[in-house]
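Please consider the sequence and the model shown below. The paragraphs that follow lead through selected helices and their surroundings.

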Amino acid sequence: MKKSLPNNLHDEVVKIRRDLHKIPETAFKEFETSNYIKNFLKSNDIEFESDIAKTGILVELIGEKTGKNVLALRADIDGLPIQEETDLEFKSQNGNMHACGHDGHVAMMLIALKYLNLNKENIAGKLKVIFQPAEEEVGGAKAMIEQKPDFFKDFTHVFGFHIWNQIDLGKIAFNDNTVFVSADTFEIEVFGKGGHGAMPHLNTDPIFIAANLIISAQSIISRKKNPGKLGVITFGKIEAGTAANITPEVVRLTGTIRAESKETREFLIDELKNLSENFPKSFGGKGKFTKSSGTGPVINNKDFANQSYSIADEIFGNNTSIKVDPVSVADDMAEFMELAPSVYALLGGKKKNSEMHHNSKFDFDERCMSYGIEFINSLATKILN
Ligand SMILES: [Zn+2]
Ligand SMILES: [Zn+2]
């Protein structure tokens, strides 16, 4: 690694990551985490605005040289409601868990920020750092933009990353297209006519209609969507009925839609809405489709991605940069990526015997954080020059 930052960087970042790992908090309740970030910023003389979307923090670092570029960097700060089952000495005791690596994101961003702040005289333009709450449930990004629209107005570049323990240490993925998919939560209500379960001819059975609707929904994926485009419809919850011999009035289905592009996303939502509203009619019932929340796909800008490949290869050696297939998870980083050309990178942090993200035995190789900090530092120095 071509190091431009001090050698004790690793110890500094590991300490922060472990401190944060002990106090994971879930969406919009990241109060202790937020205080930790504020204290770090204060002790390094970095100004900030806090309480954005409850627990979010915004930092604006103005370089001492003049320049037009404004680079936004984002770290998500929330944990998950998972009881940790690792053997780590710094494991969480509070019933929540940093099972996605966001503790590492905050740690890297704080250390990167510390050194960029010390190097302000060589920076032209502005660096804006976003510590975002509520990524896991999706909603933190939008809430921050709504509360402080001015902060988000002038970005020329947006960069974010995720530690990814499915990728080897020392590799960073910069796709020049989709990285993560969109995610939309929907509810479908199927209305029938209740009655005695022994006399179905007098009722309109919404369970029967819903069962058929669930099967037909997969025909959107297999028969209507272009098979070359990634898209998923999954029903995760069915609610209906009170007893074995009673036909209920209504069935509620909830589920999620995932898509690799804006077009596929719109297509799947429209098709499922159509099916939900029209299909029950042919059985004498009624259907209602509601999309409750959602975020678009994470799609990188090609030029900015190419620039990122070369920066990474320059500091860490050829073949550091890789491309990966789009992953069918989502990140509301997509909201910030709407604002300017953006890159979202996956930082390889594979660790032996650790499980996938969101598993109670999740962990990552802490050495990946040094790669992340070195990369951010070089990226910021290049773009803000
Ligand atoms: Zn996650
Ligand atoms: Zn995550």
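A residue is called buried if 20 or more other C-beta atoms lie within 10 Å of its own, exposed if 12 or fewer do, and partly exposed in between, with C-beta atoms placed from the backbone. Helices (H or I, at least four residues) and strands (E, at least two) are DSSP runs, numbered from the N terminus. The model is predicted: local features need pLDDT of at least 70 and side-chain atom pairs count only at pLDDT 80 or more, whereas totals for chains, interfaces and linings use all residues. Residues are numbered from 1 along each chain as its sequence is written, and chains are lettered from A and ligands numbered from 1 in the order in which they are written.

In helix 5, the buried residues are Pro206, Ile209, Ala210, Leu213 and Ala217. Their cover includes strand 8 (182-191), strand 10 (231-240), strand 12 (250-259) and helix 6 (262-278).

Because Ser216 has 14 C-beta neighbours inside 10 Å, it counts as partly exposed. Leaving aside residues up to four places away in sequence, Ser216 touches Leu275 and Phe279, where contact requires C-beta atoms, placed from the backbone, to lie within 7 Å. Ser216 and Phe279 are 63 residues apart along the chain, and their C-alpha atoms are separated by 8.9 Å.

Helix 3 (residues 102-118) has 17 residues and should span 24 Å; its end C-alpha atoms are 24 Å apart, in agreement. Since 14 of those 17 residues are buried, helix 3 is largely enclosed by the rest of the structure.

A further topic is helix packing. Two packed helices are described by the angle between their axes and the distance between the axes. Helix 7 (residues 302-316) and helix 9 (residues 368-383) pack at an angle of about 120 degrees, with axes 10 Å apart. Helix 7 is therefore oblique to helix 9, given that angles under 35 degrees count as roughly parallel, over 145 as roughly antiparallel, 65 to 115 as roughly perpendicular and the rest as oblique. Ser308, Ile311, Ala312, Ile315 and Phe316 of helix 7 make the contact with Tyr371, Glu374, Phe375, Ser378, Leu379 and Lys382 of helix 9. Helix 9 is itself mostly covered, with 13 of its 16 residues buried.

Definitions and conventions
Expected span 1.5 Å × (residues − 1). Contact = placed C-beta atoms within 7 Å. Axes fitted to C-alpha atoms, helices over the stretch in contact; angles between N-to-C directions.
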